[in-house]
Amino acid sequence: MKVIDLTPRGYCHGVKNALAIVKKVVKDQSYPRPIYVLGQIVHNEKITKAFETFGVISLDQKDKTRLEMIEEIQEGTVIFTAHGISNQVISRAKEKGLTFLNATCRDVLKVHKAVKEKLLSGYQIIYIGHQDHPEPEAILAISPDIIFITNEKDALLCHIDNQKPIFVTNQTTLSIYDIESILSILRTKYPDLIFDDDICDATKVRQQAVMDQEKVDLMLVVGDPMSSNSNKLASVGTKSKGVTSYLIQGVEDIQIEWLKPIDSVSVTSGASTPTVVTEEVISYLKQFSKNDLKTWDHSSKISLSDIL
Ligand code: SF4
(Lines give C-alpha, C1' and ligand atoms only; values in the text may rest on other atoms or scores of the structure.)
Protein backbone atom coordinates (compact mmCIF):
# COMPACT_ATOMS: atom_id res chain seq x y z
CA MET A 1 0.00 0.00 0.00
CA LYS A 2 1.36 3.43 -0.89
CA VAL A 3 1.19 5.60 2.24
CA ILE A 4 1.60 9.38 2.24
CA ASP A 5 2.57 10.69 5.68
CA LEU A 6 1.25 14.25 5.73
CA THR A 7 3.23 16.81 7.71
CA PRO A 8 2.91 18.73 9.89
CA ARG A 9 0.63 16.58 11.95
CA GLY A 10 0.15 15.70 15.61
CA TYR A 11 0.83 17.64 18.81
CA CYS A 12 0.71 21.43 18.71
CA HIS A 13 2.40 23.71 21.26
CA GLY A 14 -0.85 24.14 23.21
CA VAL A 15 -1.27 20.41 23.68
CA LYS A 16 2.39 19.91 24.61
CA ASN A 17 2.07 22.65 27.22
CA ALA A 18 -1.14 21.17 28.69
CA LEU A 19 0.33 17.66 28.92
CA ALA A 20 3.49 19.04 30.56
CA ILE A 21 1.38 20.76 33.22
CA VAL A 22 -0.48 17.56 34.13
CA LYS A 23 2.77 15.55 34.20
CA LYS A 24 4.36 18.16 36.48
CA VAL A 25 1.48 17.94 38.96
CA VAL A 26 1.53 14.13 38.86
CA LYS A 27 5.26 14.10 39.67
CA ASP A 28 5.28 16.86 42.29
CA GLN A 29 3.78 15.56 45.52
CA SER A 30 3.54 19.09 46.94
CA TYR A 31 0.40 19.64 44.83
CA PRO A 32 -2.61 18.63 46.96
CA ARG A 33 -4.36 15.41 46.02
CA PRO A 34 -6.61 14.35 44.40
CA ILE A 35 -5.70 15.79 41.01
CA TYR A 36 -8.65 16.81 38.86
CA VAL A 37 -8.86 17.98 35.26
CA LEU A 38 -11.95 20.03 34.53
CA GLY A 39 -12.94 18.39 31.25
CA GLN A 40 -10.43 16.43 29.15
CA ILE A 41 -6.99 18.06 29.29
CA VAL A 42 -6.95 17.75 25.49
CA HIS A 43 -9.61 15.98 23.46
CA ASN A 44 -8.14 12.50 23.28
CA GLU A 45 -9.59 9.58 25.20
CA LYS A 46 -6.34 7.59 25.13
CA ILE A 47 -4.50 10.45 26.86
CA THR A 48 -7.29 10.81 29.43
CA LYS A 49 -7.11 7.07 30.19
CA ALA A 50 -3.31 7.13 30.40
CA PHE A 51 -3.46 9.92 33.01
CA GLU A 52 -6.14 7.98 34.92
CA THR A 53 -3.51 5.32 35.61
CA PHE A 54 -1.65 8.01 37.60
CA GLY A 55 -4.79 8.85 39.56
CA VAL A 56 -5.77 11.93 37.55
CA ILE A 57 -9.55 12.36 37.57
CA SER A 58 -11.02 13.97 34.46
CA LEU A 59 -14.45 15.45 35.17
CA ASP A 60 -16.12 15.45 31.80
CA GLN A 61 -19.91 15.49 31.84
CA LYS A 62 -21.44 16.51 28.54
CA ASP A 63 -24.57 18.00 30.13
CA LYS A 64 -22.65 20.13 32.64
CA THR A 65 -20.69 23.35 32.27
CA ARG A 66 -17.26 23.88 33.84
CA LEU A 67 -18.95 26.13 36.40
CA GLU A 68 -21.31 23.30 37.39
CA MET A 69 -18.60 20.64 37.42
CA ILE A 70 -16.28 22.57 39.71
CA GLU A 71 -18.95 22.35 42.43
CA GLU A 72 -18.18 18.62 42.60
CA ILE A 73 -14.59 19.29 43.66
CA GLN A 74 -14.09 19.86 47.39
CA GLU A 75 -10.31 19.50 47.74
CA GLY A 76 -7.09 18.92 45.87
CA THR A 77 -5.63 20.38 42.70
CA VAL A 78 -7.64 21.25 39.61
CA ILE A 79 -6.18 21.78 36.17
CA PHE A 80 -8.05 23.85 33.60
CA THR A 81 -7.76 22.52 30.05
CA ALA A 82 -6.11 23.90 26.90
CA HIS A 83 -9.53 25.05 25.63
CA GLY A 84 -9.78 28.01 28.01
CA ILE A 85 -11.63 28.79 31.21
CA SER A 86 -13.93 31.57 32.34
CA ASN A 87 -13.12 34.05 35.10
CA GLN A 88 -16.22 32.79 36.92
CA VAL A 89 -14.75 29.28 37.23
CA ILE A 90 -11.38 30.64 38.33
CA SER A 91 -13.12 32.75 41.02
CA ARG A 92 -15.07 29.73 42.21
CA ALA A 93 -11.86 27.67 42.47
CA LYS A 94 -10.38 30.44 44.62
CA GLU A 95 -13.49 30.64 46.83
CA LYS A 96 -13.34 26.89 47.36
CA GLY A 97 -9.70 27.08 48.40
CA LEU A 98 -8.57 24.79 45.58
CA THR A 99 -5.07 24.79 44.15
CA PHE A 100 -5.42 25.32 40.42
CA LEU A 101 -3.29 25.50 37.28
CA ASN A 102 -4.42 26.95 34.00
CA ALA A 103 -3.35 25.08 30.83
CA THR A 104 -5.21 27.41 28.46
CA CYS A 105 -3.39 27.62 25.13
CA ARG A 106 -1.88 31.02 24.34
CA ASP A 107 -3.79 31.10 21.02
CA VAL A 108 -7.07 30.77 22.91
CA LEU A 109 -5.97 33.47 25.36
CA LYS A 110 -5.33 35.77 22.39
CA VAL A 111 -9.01 35.48 21.38
CA HIS A 112 -10.14 36.17 24.98
CA LYS A 113 -7.98 39.30 24.99
CA ALA A 114 -9.30 40.53 21.62
CA VAL A 115 -12.93 40.00 22.67
CA LYS A 116 -12.43 41.85 25.98
CA GLU A 117 -10.69 44.77 24.27
CA LYS A 118 -13.35 45.12 21.60
CA LEU A 119 -16.13 44.96 24.20
CA LEU A 120 -14.46 47.78 26.12
CA SER A 121 -14.20 49.77 22.89
CA GLY A 122 -17.97 49.48 22.40
CA TYR A 123 -18.16 46.75 19.74
CA GLN A 124 -20.92 44.22 19.27
CA ILE A 125 -19.12 40.85 19.30
CA ILE A 126 -20.14 37.93 17.09
CA TYR A 127 -18.34 34.66 17.87
CA ILE A 128 -18.38 31.68 15.47
CA GLY A 129 -17.87 28.30 17.13
CA HIS A 130 -19.19 24.85 17.94
CA GLN A 131 -22.13 24.17 20.21
CA ASP A 132 -21.22 22.32 23.42
CA HIS A 133 -17.47 22.84 23.10
CA PRO A 134 -15.47 24.18 26.07
CA GLU A 135 -13.71 26.87 24.04
CA PRO A 136 -16.92 28.83 23.23
CA GLU A 137 -18.17 28.19 26.76
CA ALA A 138 -15.30 30.24 28.19
CA ILE A 139 -15.58 32.97 25.56
CA LEU A 140 -19.35 33.37 25.97
CA ALA A 141 -18.89 33.71 29.73
CA ILE A 142 -17.01 36.97 29.12
CA SER A 143 -20.28 38.78 28.38
CA PRO A 144 -23.94 37.88 27.86
CA ASP A 145 -23.94 40.36 24.96
CA ILE A 146 -21.73 38.18 22.74
CA ILE A 147 -23.74 36.71 19.86
CA PHE A 148 -22.89 33.04 19.28
CA ILE A 149 -23.16 31.71 15.73
CA THR A 150 -22.72 28.01 15.02
CA ASN A 151 -23.97 27.66 11.43
CA GLU A 152 -25.40 29.46 8.40
CA LYS A 153 -28.92 29.37 9.83
CA ASP A 154 -27.77 31.26 12.95
CA ALA A 155 -26.11 33.81 10.68
CA LEU A 156 -29.30 34.28 8.67
CA LEU A 157 -31.38 34.69 11.84
CA CYS A 158 -28.87 37.00 13.49
CA HIS A 159 -30.44 40.38 14.14
CA ILE A 160 -28.55 43.34 15.55
CA ASP A 161 -30.45 46.56 16.07
CA ASN A 162 -27.95 48.47 18.15
CA GLN A 163 -25.74 51.00 16.42
CA LYS A 164 -22.47 49.49 17.59
CA PRO A 165 -19.63 48.58 15.23
CA ILE A 166 -19.41 44.80 14.77
CA PHE A 167 -16.41 42.58 15.53
CA VAL A 168 -16.48 38.96 14.39
CA THR A 169 -14.08 36.28 15.57
CA ASN A 170 -14.02 32.51 15.89
CA GLN A 171 -13.05 29.32 17.66
CA THR A 172 -9.38 28.46 17.00
CA THR A 173 -9.95 25.00 15.54
CA LEU A 174 -12.53 25.66 12.84
CA SER A 175 -11.80 25.28 9.12
CA ILE A 176 -11.87 28.02 6.53
CA TYR A 177 -14.86 26.22 5.02
CA ASP A 178 -16.87 26.61 8.26
CA ILE A 179 -16.12 30.29 8.43
CA GLU A 180 -16.40 31.31 4.76
CA SER A 181 -20.07 30.52 4.34
CA ILE A 182 -21.10 32.06 7.68
CA LEU A 183 -18.97 35.13 7.11
CA SER A 184 -20.36 35.70 3.66
CA ILE A 185 -23.92 35.82 5.10
CA LEU A 186 -22.83 38.19 7.86
CA ARG A 187 -20.96 40.47 5.45
CA THR A 188 -24.06 40.76 3.27
CA LYS A 189 -26.07 41.88 6.31
CA TYR A 190 -23.35 43.97 7.97
CA PRO A 191 -20.90 45.12 5.28
CA ASP A 192 -18.84 47.18 7.74
CA LEU A 193 -18.08 44.37 10.15
CA ILE A 194 -14.48 43.77 11.21
CA PHE A 195 -13.37 40.12 11.04
CA ASP A 196 -10.41 38.76 12.97
CA ASP A 197 -9.52 35.25 11.70
CA ASP A 198 -8.50 33.38 14.83
CA ILE A 199 -8.04 29.87 13.45
CA CYS A 200 -4.71 29.08 15.13
CA ASP A 201 -1.56 28.52 13.09
CA ALA A 202 -1.30 24.88 14.17
CA THR A 203 -4.79 24.20 12.81
CA LYS A 204 -4.10 26.17 9.61
CA VAL A 205 -0.85 24.42 8.69
CA ARG A 206 -2.30 20.96 9.31
CA GLN A 207 -5.33 21.81 7.14
CA GLN A 208 -3.05 23.30 4.45
CA ALA A 209 -1.04 20.06 4.29
CA VAL A 210 -4.30 18.23 3.62
CA MET A 211 -5.28 20.73 0.90
CA ASP A 212 -1.83 20.48 -0.76
CA GLN A 213 -1.56 16.69 -0.81
CA GLU A 214 -1.25 14.70 -4.01
CA LYS A 215 -4.18 12.65 -5.23
CA VAL A 216 -4.85 9.59 -3.07
CA ASP A 217 -7.64 7.03 -2.87
CA LEU A 218 -8.33 7.51 0.85
CA MET A 219 -7.32 9.74 3.74
CA LEU A 220 -7.24 8.62 7.37
CA VAL A 221 -7.21 11.20 10.15
CA VAL A 222 -6.05 9.83 13.47
CA GLY A 223 -7.86 11.66 16.24
CA ASP A 224 -10.63 11.61 18.80
CA PRO A 225 -14.28 12.15 17.76
CA MET A 226 -14.40 14.94 20.37
CA SER A 227 -11.43 16.74 18.83
CA SER A 228 -12.62 19.70 16.78
CA ASN A 229 -9.39 20.09 14.81
CA SER A 230 -9.30 16.35 13.96
CA ASN A 231 -12.87 16.45 12.66
CA LYS A 232 -11.97 19.48 10.59
CA LEU A 233 -9.00 17.72 8.97
CA ALA A 234 -11.33 15.01 7.75
CA SER A 235 -13.86 17.50 6.40
CA VAL A 236 -11.14 19.58 4.71
CA GLY A 237 -9.92 16.42 2.95
CA THR A 238 -13.38 15.75 1.61
CA LYS A 239 -14.15 19.35 0.68
CA SER A 240 -10.82 20.36 -0.85
CA LYS A 241 -9.70 17.15 -2.58
CA GLY A 242 -12.93 15.17 -2.84
CA VAL A 243 -11.10 12.32 -1.12
CA THR A 244 -12.99 9.90 1.11
CA SER A 245 -11.75 10.69 4.63
CA TYR A 246 -12.30 8.77 7.84
CA LEU A 247 -11.57 9.80 11.41
CA ILE A 248 -10.09 6.90 13.38
CA GLN A 249 -8.91 6.76 16.99
CA GLY A 250 -6.19 4.28 16.14
CA VAL A 251 -5.23 1.28 14.04
CA GLU A 252 -8.03 -0.72 15.68
CA ASP A 253 -10.66 1.41 13.91
CA ILE A 254 -9.40 0.67 10.40
CA GLN A 255 -11.82 -1.39 8.33
CA ILE A 256 -10.26 -3.83 5.93
CA GLU A 257 -13.10 -3.15 3.49
CA TRP A 258 -11.77 0.43 3.10
CA LEU A 259 -8.36 -0.85 2.05
CA LYS A 260 -9.19 -3.72 -0.29
CA PRO A 261 -10.23 -1.60 -3.30
CA ILE A 262 -7.49 1.07 -3.01
CA ASP A 263 -3.78 1.51 -3.73
CA SER A 264 -2.89 4.71 -1.87
CA VAL A 265 -3.77 6.34 1.43
CA SER A 266 -2.67 9.52 3.17
CA VAL A 267 -2.47 9.84 6.94
CA THR A 268 -2.61 12.86 9.18
CA SER A 269 -3.53 13.38 12.81
CA GLY A 270 -5.18 15.95 15.04
CA ALA A 271 -3.23 18.28 17.30
CA SER A 272 -4.09 16.17 20.35
CA THR A 273 -3.23 12.73 18.93
CA PRO A 274 -0.25 10.91 20.47
CA THR A 275 2.49 10.37 17.87
CA VAL A 276 2.85 6.70 18.82
CA VAL A 277 -0.80 6.09 17.82
CA THR A 278 -0.36 7.71 14.40
CA GLU A 279 2.92 5.87 13.78
CA GLU A 280 1.24 2.55 14.48
CA VAL A 281 -1.42 3.38 11.86
CA ILE A 282 1.25 4.32 9.29
CA SER A 283 3.31 1.17 9.94
CA TYR A 284 0.22 -1.00 9.64
CA LEU A 285 -0.82 0.56 6.32
CA LYS A 286 2.69 0.24 4.87
CA GLN A 287 2.82 -3.48 5.49
CA PHE A 288 -0.80 -4.11 4.43
CA SER A 289 -1.35 -6.18 1.32
CA LYS A 290 -4.85 -6.88 0.07
CA ASN A 291 -3.62 -10.27 -1.17
CA ASP A 292 -1.98 -11.40 2.04
CA LEU A 293 -4.29 -12.25 4.93
CA LYS A 294 -1.35 -12.33 7.33
CA THR A 295 -1.04 -8.52 7.00
CA TRP A 296 -4.65 -7.81 7.93
CA ASP A 297 -4.60 -8.03 11.72
CA HIS A 298 -5.13 -4.46 12.90
CA SER A 299 -5.27 -4.86 16.66
CA SER A 300 -3.26 -2.23 18.50
CA LYS A 301 -0.10 -3.24 20.35
CA ILE A 302 0.10 0.09 22.20
CA SER A 303 -0.41 0.08 25.96
CA LEU A 304 -1.48 3.06 28.06
CA SER A 305 2.08 3.43 29.37
CA ASP A 306 3.24 4.14 25.77
CA ILE A 307 0.81 7.04 25.34
CA LEU A 308 2.38 9.72 27.56
S1 SF4 B 1 -5.10 23.48 18.32
FE2 SF4 B 1 -4.40 25.61 18.30
S3 SF4 B 1 -5.62 26.62 19.90
FE4 SF4 B 1 -5.83 24.41 20.24
S5 SF4 B 1 -4.23 23.93 21.71
FE6 SF4 B 1 -3.32 23.62 19.68
S7 SF4 B 1 -2.32 25.58 19.15
FE8 SF4 B 1 -3.73 25.93 20.86
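In what follows, a residue is called buried if 20 or more other C-beta atoms lie within 10 Å of its own, with C-beta atoms placed from the backbone. Please keep in mind that this is a predicted model.

Let us begin with strand S8, residues 166–170. Five of its five residues are buried, so S8 is largely enclosed by the rest of the structure. Ile-166, Val-168 and Asn-170 point one way from the strand, while Phe-167 and Thr-169 point the other way. In a regular strand, side chains alternate between the two faces of the sheet.

Which sheet does S8 belong to? An open one of four parallel strands, in the order S7-S6-S8-S9. Strand S7 (147–149) and strand S9 (194–195) are the edges, each pairing on one side only. Helix H5 (residues 106–120) packs on this sheet, where it touches strand S6 (124–128) and S8, and its direction makes about 170 degrees with that of S8.

| Strands | Sense | Bridges |
|---|---|---|
| S6 and S8 | parallel | five |
| S8 and S9 | parallel | two |

Towards S9, Phe-167 is partnered with Ile-194, and Val-168 stands opposite Phe-195. S8, helix H8 (residues 176–189) and S9 together make a right-handed β-α-β unit.

Now for the ligand. It is surrounded by 15 residues, and the closest are Cys-12, Gly-14, Cys-105, Thr-172 and Cys-200. Helix H1 (13–27), H5 and helix H9 (201–212) each supply at least two residues of this shell, with the largest share, three residues, coming from H1. By class, the shell has eight nonpolar, six polar and one charged residues.

How values were computed:
Residues numbered from 1 in each chain as written. Predicted model: local features only at pLDDT ≥ 70, side-chain atom pairs only at ≥ 80, totals over all residues. Pairing = 2+ DSSP bridges. Contact = placed C-beta atoms within 7 Å. Axes fitted to C-alpha atoms, helices over the stretch in contact; angles between N-to-C directions. Near = placed C-beta within 6 Å. Nonpolar A, V, L, I, M, F, W, Y, C, P; charged D, E, K, R; others polar. Buried ≥ 20, exposed ≤ 12 C-beta atoms within 10 Å, placed from the backbone. Right-handed = clockwise from strand over helix to strand, strands pointing away.
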